[in-house]
Amino acid sequence: MLMKSIEMNIRMIQNPMGVSLTFFVLLAASWTFMPLLGLFGTFFLLLVPVICNYVAYNRLFNKSLYGEEAGVYAALPLSGRDIVLGKVFAMMLWETAAWPIFLLGIIGSYLYSDLGLIRMGIDSLLTELVYRGVSPLTIGLLIGVSTVALAFYSFLSGVYMLWFRFALKKFTPKLSKKVKGFFNVLLACLVLGIIRLGTEYFVQGIWNLGVALFLILAAVHILLGIAAWKMYRASVAYFETGYSPM
Amino acid sequence: MKKSKTKIFILFVIALAVCTSVFAGIFFYSICSSILTDRQNFDDLDWTVRLNQYEGIEALDTNRELYMVSTKDDKNYLIDGRGKKVPWELDCKENSDILIAFSQDDKWGYKYPDGKIVIAAKFDEAYDFDDGYAKVSKNGTDYFVIDDKGRTVFEPGERASELEQISGKFFLFYKAKHRSVINVETGQVTEDVGFYDSFHDAGEGMFAAKTDFAWDDVEPMFLLSRSFKPMFSGQLYNQIGSFGQGLCYVQKLVGATEEEHEDYQIENGYMNTDGDIVIKTATAIFGCKFAEGRALLYEGKRICCIDQSGSVLFSLKPAKTLEKKLGEDFEYRYSQCYFRNGKAIVYDGKFYGLIDEDGNWVIQPVFDEMTYAGTDKLLVEYKGMSGMIRLK
């Protein structure tokens, strides 16, 4: 039933996913072939995937579970694991599909763009890393395994989105009554955004620590992994026992 | 069937993402490896200012070897040709070119590198001084010209925002709806020069001026005298370099005028100050300035070094085939590519390097920018980092 659940969730978000990926392709192409459009239009071209992202989050983690379609969804013979993994995998698939487009856009722009802004930015960043003592092999390896890292972050985001709803209800029942539907997804995204931003600042603050950096990052990721696993288990248990579409 | 289609789609996405990221990993690894190799090669150079030592470096006075460096925390220091910080009591009054714009309470003024304020911060905008004159603005729209004592020497009045410094004492401005040039030292004003788009100082008392029209892949230019009148009977050129040792690279459009340009021929070569081509270079796309009896000539698939008789002394292979693109500023790109003390900066189509008189690379072409600074110094830029090299 897991495959069925994944397929159903992919269908649920196939329209925003299609639009979003099309805009990603446009964005990547503009960086390479229309650098001026890429320079001035990136913000507007990114706006569409951001909106699509919200629409998809709303469909996956709000409407289908707690909205109008929730009754139908709850009637399906899906286990807690099928529900959780079905939604999380659908989201992972979307982000995994966008990643090669982004990477190819960057590489294409680096090699062929006349404007050379991306080339300058990448050269400048890589040179700084090499001059700080990070070896080319480490940089290559980190980028090489980026899909695995992306899959990990997608899984983490997915289980967090599921967990956030009932955790809010459990820990702050008053707030959860006020923050429903649209606002719930928005609040979850906001908290996730703040955590991601905070992580970025944290990494920027420690990135010149050499070997210690990798130890700290490893420790942080082990903690994140434990958090993801806990949230996954809690979500599965919730959909097995405590879930109500109302 | 549908189920298998979904499976195939999922597997395809995963395979694509994994393959792309592995490819990207190898791609960025190769870039980092070349950066590391360059860094190891840089150890052989005599660095006065190391590449990652300062955020930026700018030549203030190459004769006296004074350079301004900026740090990552936005502080500026003055250094000498040995890279040592210069004491602030240095007397800079002799040279007005060394005036530096500074801001105070959202206003701009000028001071010497020792911090002594020469012109108080009272302008909304302040441009760099060139040969004793600078363009400034008091309310963001009223632009005017000041000298190095802070005295107003010219106020255009009409369309003041379009005031533009061509070179030193020559400024473009609008007068009775016409664009003219004023010599702010003498007050002499030219006739309408609205026909011209941009200017560069070609040397020997001439300016090269791009016109505001173009056809096919030709951007016609004129050579103008110091009174901004066309020279050599209004001859049109497709490309004009700079004079050096009495010679200037040009692409002469023989038989072409502004109105009639259907049937014309391009004469490619170095001309003398009388406007006659004395060295023919049929296949060149650009010729650099003559210095020390030699000049670098850029052809599509080779870079030649020629002497004043036009004989090829040696040639180099560029990193990629060179071609002229409409709108590309060759004069800017190749302005530093000439011989000095037996060595020449060369742009190989991708990067800048340094060659000796026999055409051997003294410094491999890996730098994004390279300029002469002082008698035996080079300012270089490598992937966003600036430094200074002393030539051995």
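Biologist: What is the mean pLDDT of chain A?
Modeller: pLDDT is the predictor's confidence in each residue, from 0 to 100. Where it is low, the predicted coordinates should not be read in detail. In chain A, 92% of the residues reach 70 or more, and the mean is 82.

Biologist: Which element of chain A has the highest mean pLDDT?
Modeller: Helices (H or I, at least four residues) and strands (E, at least two) are DSSP runs, numbered from the N terminus. The lowest mean among the elements of chain A, 74, belongs to helix α9 (residues 173-178). The highest, 91, belongs to helix α7 (residues 136-144).

Biologist: How far apart are the end C-alpha atoms of helix α2 of chain A?
Modeller: The expected span of a helix is 1.5 Å times one less than its number of residues. Helix α2 (residues 14-33) has 20 residues, so it should span 28 Å. The model agrees, with the end C-alpha atoms 28 Å apart.

Biologist: Is S5(A) buried or exposed, and which residues does S5(A) touch?
Modeller: Buried means under 20% relative accessible area, exposed over 50%, and partly exposed in between (1.4 Å probe, protein chains only). S5(A), found in helix α1 of chain A, has a relative accessible area of 0%, so S5(A) is buried. With contact meaning heavy atoms within 4.5 Å, and residues up to four places away in sequence not counted, S5(A) touches Y73(A), L78(A), D82(A), I83(A) and G86(A).

Biologist: Which residue forms a salt bridge with R11(A)?
Modeller: A salt bridge is a side-chain nitrogen of Lys or Arg within 4 Å of a carboxyl oxygen of Asp or Glu. With the closest N and O atoms 3.5 Å apart, the partner is E7(A).

Biologist: What is the distance between the closest N and O atoms of R132(A) and E128(A)?
Modeller: R132(A) counts as partly exposed at 38% relative accessibility, and E128(A) is partly exposed at 28%. The two form a salt bridge, with a closest N and O distance of 3.2 Å.

Biologist: How many residues apart in sequence are the parts tied together by D124(B) and K107(B)?
Modeller: The side chains of D124(B) and K107(B) meet in a salt bridge of 2.8 Å, N to O. D124(B) lies in the loop between β7 (117-123) and β8 of chain B and K107(B) in strand β6 (residues 107-111), so the pair ties together parts that are 17 residues apart.

Biologist: How many salt bridges are there over all chains?
Modeller: In chain B, salt bridges that share partners join E65(B), D376(B) and K377(B) into one network. Over all chains, the count comes to 14.

Biologist: Where does D131(B) lie, and what is its phi?
Modeller: D131(B) lies in the loop between β8 (125-126) and β9 (133-137) of chain B. Its relative accessible area is 54%, so D131(B) is exposed. D131(B) is not a glycine, yet its phi is positive, at about 55 degrees.

Biologist: What is the phi of F232(B)?
Modeller: F232(B) lies in the loop between β18 (221-224) and β19 (237-240) of chain B. F232(B) counts as partly exposed at 22% relative accessibility. Its phi is positive, in a residue other than glycine, and is near 50 degrees.

Biologist: How many residues does chain B have, and what share of them is buried?
Modeller: Chain B has two helices and 33 strands. Its C-alpha trace spans about 80 × 60 × 60 Å along the principal axes. Of the 392 residues in chain B, the buried share is 50%.

How values were computed:
Residues are numbered from 1 along each chain as its sequence is written. Chains are lettered from A and ligands numbered from 1 in the order in which they are written. Side-chain values use heavy atoms; hydrogens and water are left out.
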